[in-house]
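Dear colleague,

I am handing over the structure that we spoke of, and my notes follow directly below it. Please read them with the coordinates open beside you.

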Amino acid sequence: MPEARRLFFALALPKPLQQQVITWRAESFAADAGRPVAAANLHMTLAFLGEISEQKASVLTDIASRIQSPAFSMQLDDLGHWPRPGVVWLGTRRAPTALLQLASLLRSHAARNGCHQSTLPFHPHISLLRGATQPLALPASTPQWTLTAADFGLYESRFHQGRTRYQCLHSWPLVSSAPSSC
Ligand code: 2AM
């Protein structure tokens with residue numbers, strides 16, 4: 001029987017933003033605050049699918065390829081700490097409607113296809129540190145980066161030789177609202 005794969009839909013961070021975030025993170029948190037998420041793994045999860053079969057992955061890939069959803073931008077102006085499960089995260093105080101709608105659509109398709117979805121409300125975030133279970137002082141503010149989402153992707157989480165790596169399997173464009181020139 002083919003193995004199940006651990007998959008999720010997410011927004012990627014552009015490489016320059018990954019570098020800015022990790023530089024700021026190194027300056028802003030003590031070395032023992034938690035395990036830093038690797039730069040290439042920084043992302044915003046839209047819908048977590050769990051360990052799913054190839055057949056289910058193929059159905060959800062097909063559904064995602066037909067989504068027509070607008071592109072959007074958000075300010076990364078929020079920062080928080082969840083002592084359980086031990087995550088320090090970067091987020092947004094004003095989640096764009098298009099982000100909430102895209103996540104809701106993907107989560108409802110996932111649920112309809114048997115992927116258990118958390119009953120907690122969707123809280124868009126980028127995990128910066130894991131294993132951060134002890135109390136810690138957060139910086140008073142964030143550098144106010146802007147994350148522009150022009151596409152979204154289906155990612156596989158692989159654990160190999162002690163490291164987690166996320167690989168983009170497919171990505172699909174979000175629809176730009178910029179007027180096209182005649
Ligand atoms: P996190 O960033 O809050 O840790 C790949 O594992 C991605 O899926 C991670 O971004 C992780 O969210 C998210 N994820 C992992 N397990 C999950 C679960 N049980 N429910 C929701 N999201 C999950």
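This is a predicted model: local features need pLDDT of at least 70, side-chain atom pairs count only at pLDDT 80 or more; totals for chains, interfaces and linings use all residues.

A polar atom of the H81 side chain lies 2.5 Å from the backbone oxygen of A132. Leaving aside residues up to four places away in sequence, H81 touches V87, V88 and W89, and also A132, Q134, P135, L136 and L138.

The other element I looked at is helix α3, which covers residues 97-112, 16 residues in total, and reaches 22 Å from its first C-alpha to its last, close to the 22 Å expected at 1.5 Å a residue. Its buried residues are A98, L99, L102, A103, L106, R107, H109 and A110, and, seen down the axis of α3, they fall within an arc of 160°, so they line one face of the helix. On the other side of α3, by contrast, T97, Q101 and R112 are exposed.

As for what the buried residues of α3 pack against, the partners are the strands β1 (5-12), β3 (43-52), β4 (72-76) and β9 (151-160), together with helix α2 (54-65). Just after α3, finally, G114 takes a positive phi of about 85°.

Technical notes:
Residues are numbered from 1 along each chain as its sequence is written. Side-chain values use heavy atoms; hydrogens and water are left out. Helices (H or I, at least four residues) and strands (E, at least two) are DSSP runs, numbered from the N terminus. The expected span of a helix is 1.5 Å times one less than its number of residues. Buried means under 20% relative accessible area, exposed over 50%, partly exposed in between (1.4 Å probe, protein chains only). The arc is that of the directions from the helix axis to the C-beta atoms. Contact means heavy atoms within 4.5 Å. A polar contact is a pair of N or O atoms within 3.5 Å; within protein, one must be able to donate a hydrogen and the other to accept it, and residues adjacent in sequence count only if both atoms are side-chain atoms.
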